[in-house]
Amino acid sequence: MSIVDVIDRAKAEGRTVLTEIESKQVLEEAGIPTTTARLAKTAEEAVNAAKEFGYPAVLKVVSPDVTHKSDVGGVRLGLDSPEAVAAAFGEIAQAVKSALGGDARIDGVAVQKMARPGIEVIIGMSKDPQFGPVLMFGLGGILVEVLKDIAFRIVPLEPRDARQMVREIKGFPVLQGFRGQEPADLETLEKLLLKVSAFVEAHPEIEELDLNPVFAYKDGAIAVDARIVVG
């Protein structure tokens, strides 16, 4: 499904925030690797999707009322059996309704295979009133909120911009393989920044974009979670 189709569907439903599943669909179309996710509206559908993708599986709540899924108990990781997936489906629904109230809208869960761990980085975009789309890069996960160690560049990026962004954050030694940890594939991260820049430039209807975390490996990188806001 093209990004135009996805955005049109969201607008028809009165939404400006694409679901994780929709966000990943349009990112994959743009050549940006993600962990493919499928919507499951029942525990049975979740089990079937997990069997197809392979174990261990991850379940995440899909709800227009939820911004940070982990904060409301909407994520279950490392599910290694059909029974675990089915139980997690019910646990997520109960946790989200408990956190947000009985009126919380829950469309289902996003089912995906759990990615192998890597160095967590974030790639994001927001629009500045004066400069337009601005791309950001930094260490991901909760570290981005704690350390605020982020590099910024105005879209469109040139190759030298991507190279500088990756290397100017204070956490760059982590990407190089700090204390025996495997280093990240820096060239892949630079190419990923350029792809996101081109994607944003080609679609001015995108107001915000967050890939967090992106797992960086010594042999590649993949976006594990994604969020896109459209105008």
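Reply: Start with a definition. Buried means under 20% relative accessible area, and exposed means over 50%. Keep in mind that this is a predicted model.

Me: Why is V85 called buried?

Reply: V85 has a relative accessible area of 0%. The cut-off for buried is under 20%. So V85 counts as buried. V85 is found in helix α4, residues 82-100.

Me: Which residues does V85 touch, leaving out those up to four places away in sequence?

Reply: V85 touches A46, V47, A50, Y55, A57, L59 and L79. Contact here means heavy atoms within 4.5 Å.

Me: What makes the buried residues of α3 line one face of the helix?

Reply: The buried residues of helix α3, residues 43-53, are A46, V47, A49 and A50. Seen down the axis of α3, they fall within an arc of 165°, so they line one face. On the other side of α3, E44, K51 and E52 are exposed.

Me: What covers the buried residues of α3?

Reply: The cover includes β1, β2, α4 and β4. Just after α3 comes G54, with a positive phi of about 105°.

Me: How do you know that β2 and β4 pair?

Reply: Two strands pair if there are at least two bridges between them. Strand β2 (residues 57-62) and strand β4 (residues 108-113) have 6 bridges. So they count as paired, in the antiparallel sense. In this pairing, A57 stands opposite K113 in β4.

Me: What is the order of the strands in the sheet?

Reply: The 4 strands form an open sheet in the order β1-β4-β2-β3, with antiparallel pairing. β1 (38-40) and β3 (75-79) stand at the edges. Each has a single partner strand, so one side of each is left without a neighbour in the sheet. From one strand to the next, the twist averages 25°.

Me: Which helix packs on the sheet and touches β1, β2 and β4?

Reply: That is helix α2, residues 20-29. The direction of α2 makes about 45° with that of β4.

Me: Which residues touch the most other members of the largest nonpolar core?

Reply: They are F137, L175, L209 and L211, in a core of 42 residues. Helix α8 (residues 186-202) gives the most to this core, with 7 residues. Apart from this core lies another, of 19 residues, among them A40, A57, L79 and F89.

Notes
Residues numbered from 1 in each chain as written. Predicted model: local features only at pLDDT ≥ 70, side-chain atom pairs only at ≥ 80, totals over all residues. Heavy atoms only, no water. Helix = DSSP H or I, 4+ residues; strand = E, 2+ residues; numbered from the N terminus. Buried < 20%, exposed > 50% of the residue type's maximum accessible area, 1.4 Å probe, protein only. Axes fitted to C-alpha atoms, helices over the stretch in contact; angles between N-to-C directions. Core = buried A, V, L, I, M, F, W, Y, C linked by side-chain atoms within 4.5 Å. Arc of directions from axis to C-beta.
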